[in-house]
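Work through the exercises below with the sequence and the coordinates at hand. Each task is followed by a solution in steps.

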Amino acid sequence: MNPKGTITVVGLGAGDLDQLPYGLYRTLKEAGHLYVRTSEHPVLAELAGEVAYTAFDDIYERHGSFDRVYAEIAETLLAKAVEEKEVVYAVPGHPLVAERTVQLLLQEGPGRGVQIEVGGGQSFLDPLFARLRIDPIEGFALLDGTALQVGQVHPGLHTIIAQVYDKLVASEVKLTLMEVLPDEYPVTVATAVGVKDMERIDTVPLYELDRLDHFGNLTLVYVPQAKDEAVLYRQFSFLKDIVATLRSPEGCPWDREQTHQSIRKNLIEETYEVLETIDDEDPDAMCEELGDLLMQIMLHSQMAAEEGYFTVDDVVAGLNQKLIRRHPHVFGDKSADDAGEALANWQEIKAQEKAAKGIDPDRQSKLAGIPRDLPALMYAYKLQKKAAQVGFDWDDVADVYKKIEEEYQELRTAPEEERAGELGDLLFAVVNLARFLGLDPEEALALTNRKFTSRFAYIEKKLQEAGRSFDDTSLEEMDKWWEEAKRMGRGEK
C-alpha cells in the first residue's frame with residue numbers, strides 16, 4: 001500500500017553546525033519546507049537565511065501541559081504529511097532520545113497511512129558524558145523532567161534529567177528529587193554542552209536547583225551516583241542486600257540459624273509493639289517499630305528465597321496485583337460512591353478469587369477465614385460477627401444482658417474443674433455485648449489496661465514521695481490514691 005505521505009525526522013544534534021554530519025546538513029538544505037519542534041537551537045541560528053522553517057514554539061504557549069503540546073505537534077505534522085506528501089521534521093539532539101513527538105509519530109503514523117522515517121543526529125548524551133567524565137557502563141538513567149516520578153529515581157545510578165526547559169520544570173524536578181535525596185545533595189545543571197559561547201555548567205546543592213538562570217531547550221540536570229550510606233539507607237534494594245548478607249555464610253551466626261518457626265513469635269511481638277505506638281500517638285516510635293516489623297517480613301521472605309519458594313519481590317508483586325484487582329472502582333471501570341459499595345466490590349472479588357482456587361463457598365464453613373492465632377478475645381468477636389451474618393444471633397441486646405447474668409451465676413456455682421469453661425462462657429457473652437454496643441472488645445479492654453497502669457503508677461509515685469513501700473502501706477491508703485488518680489482522669493485517654 002502506498003503511503004499517503006512521508007515524514008522524515010532528523011536530529012539537529014547537541015551542538016553547533018560544525019558538529020552536524022554533512023548528510024543531515026544536506027537533508028535540511030534540500031527540504032522543500034522544514035518543520036522544527038523549536039527554533040531555540042544553535043544550528044538553526046547558524047542556518048538563518050539558508051533554510052526556511054516553521055517552528056512550533058507557539059504551541060507551547062497555548063497549552064498548560066507538555067502532553068497536549070506534543071500531541072498537537074504530532075497531529076499537525078501528520079496532517080501536513082498528507083497535504084504536502086513529504087515533510088522534514090527536525091528536533092534537537094537525536095530523534096529517538098527524549099523526543100516524545102517522535103514517539104507519537106511512530107505510534108500514530110502507520111494507522112494514518114503516513115510513513116515515518118527516522119534519520120540520525122548526535123544526542124546530547126555523548127557530549128555530556130565527555131564533558132562531565134561519566135562512564136555510562138556504571139549504570140545510568142535518562143529521565144524526562146516534565147514527567148518525573150519519585151519511583152524513577154535510583155540513587156545508585158548516574159541520572160540525567162532532560163527537558164528541564166524552565167524554572168517551573170526545574171522546581172518540580174527539585175521537589176521530586178528531594179523526596180529521595182538530601183537537600184544539600186550536589187546536582188549539575190548543564191546547558192548547551194559543547195556549544196562555543198553558549199555552554200553553561202553549574203554544580204549547586206539540590207535546594208538551589210531552580211535558582212539558576214540558564215534553563216532552556218538545551219538544559220539537562222545531572223545527578224551523580226550516590227555513595228553516601230545516608231542516601232542508600234532509604235533504598236529498599238539496600239535493605240534486601242543487608243538481609244541477604246546477614247543470612248549468608250559471611251553474615252551473622254544468629255541470623256543464619258533462624259527458621260520460620262524460630263522467629264514466628266517475633267512477628268507477633270513486633271506487631272503488638274507497633275500497636276502500642278499507635279495507642280501512644282508517637283509517630284517517631286511508630287516509624288521505628290514499623291521498621292522492626294518490616295524486618296520480620298524481610299527475614300521470612302529471604303528464608304523462602306533461599307528455599308526456592310518465593311522472594312520479597314514476589315510478595316510485593318502479589319500485593320500490588322491484589323490491591324489493583326480488589327479496587328476496580330479506583331483502577332478499573334467499576335464505581336463506588338461510598339465505603340459500603342467499595343466493601344461490596346471487595347467481597348465480590350474475594351468470592352471470585354476463592355472460586356478460581358476451587359474453593360466452593362457453599363461447602364465451606366461460614367466461620368472459615370478467621371486466623372487461628374488471633375488473641376482469644378478478638379477471635380471470639382470475629383466468630384460472632386460471622387455467625388450473625390447468617391442470622392445466628394440474639395434479637396435484642398436485653399437478651400445478651402440476660403445471658404451474661406446467666407453465665408455469671410453458673411460460674412459462681414460451678415465446681416472447680418468446670419470453672420475455666422464457665423469463665424470462658426461468661427467472657428464470650430461479654431464479647432457479644434460489646435458487638436451489640438458497636439464496640440471492639442479488644443480495644444475496650446486495652447483502654448481499661450491503660451487506665452489501670454496509669455492509676456497504679458500514680459500510687460507508686462505517691463509511695464516514692466512518702467519514702468514508703470507497699471509492705472508498710474494499707475489497702476485503704478492505696479485505694480485513696482487510686483480514687484484520687486481516678487478523679488484526676490489519669491489513664492482516661
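**Exercise 1.** In this predicted model, work out how E406 and K403 are placed along helix α17, and classify their contact.

*Solution.* Step 1: E406 and K403 lie three residues apart in helix α17 (residues 397-413), so about one helical turn separates them. Step 2: a salt bridge requires a Lys or Arg side-chain nitrogen within 4 Å of a carboxyl oxygen of Asp or Glu. The N to O distance here is 3.3 Å, and the side chains of E406 and K403 meet in a salt bridge. Step 3: E406 has 39% relative accessibility and therefore counts as partly exposed; K403, with a relative accessible area of 24%, is partly exposed.

**Exercise 2.** Find where the partners of the salt bridges D58 to R62 and E199 to R131 lie in the chain.

*Solution.* Step 1: D58 and R62 approach to 2.9 Å, N to O. Both are in helix α3, four residues apart, about one turn of the helix. Step 2: the closest N and O atoms of E199 and R131 are 2.9 Å apart. E199 is in the loop between β8 (186-191) and β9 (200-205), while R131 is in helix α6 (residues 125-132), so this pair ties together parts 68 residues apart in sequence. Step 3: the structure holds 20 salt bridges.

**Exercise 3.** Classify the ring pairs that Y165 forms with Y60 and F66.

*Solution.* Step 1: there are twelve aromatic pairs in the model. The ring centres of Y60 and Y165 are 6.2 Å apart and the planes stand at 80 degrees, so the pair is edge-to-face. Y60 belongs to helix α3 (residues 57-62) and Y165 to the loop between β7 (158-162) and α7 (167-178), so the pair ties together parts 105 residues apart in sequence. Step 2: for F66 and Y165 the centres are 5.2 Å apart and the planes at 40 degrees, so the pair is tilted. F66 lies in helix α4 (residues 66-84), and the pair ties together parts 99 residues apart in sequence. Step 3: Y165 is buried, with a relative accessible area of 10%. Ring pairs link Y60, F66, Y70 and Y165 into a cluster.

**Exercise 4.** Which helix gives the most to the negative patch?

*Solution.* Step 1: the patch on the surface gathers E269, E273, E276, D280, D282 and D284. Step 2: helix α11 (residues 264-280) gives the most, with four residues. Step 3: D280 is found in helix α11 and counts as partly exposed at 47% relative accessibility.

Key. Residues are numbered from 1 along each chain as its sequence is written. This is a predicted model: local features need pLDDT of at least 70, side-chain atom pairs count only at pLDDT 80 or more; totals for chains, interfaces and linings use all residues. Side-chain values use heavy atoms; hydrogens and water are left out. Patches are made of residues with over 30% relative accessible area and no salt bridge: like charges are joined within 9 Å, nonpolar side chains (Val, Leu, Ile, Met, Phe, Trp, Tyr) within 5 Å. Accessible areas come from the Shrake-Rupley method with a 1.4 Å probe; for residues, only the protein chains shown count as cover. Lys and Arg count as positive and Asp and Glu as negative; His and the chain ends are not counted. The place of a charge is taken as NZ of Lys, CZ of Arg, CG of Asp or CD of Glu. Helices (H or I, at least four residues) and strands (E, at least two) are DSSP runs, numbered from the N terminus. Buried means under 20% relative accessible area, exposed over 50%, partly exposed in between (1.4 Å probe, protein chains only). Rings of Phe, Tyr and Trp (its six-membered ring) pair if their centres lie within 6.5 Å; planes under 30 degrees apart count as stacked, over 60 as edge-to-face and the rest as tilted.
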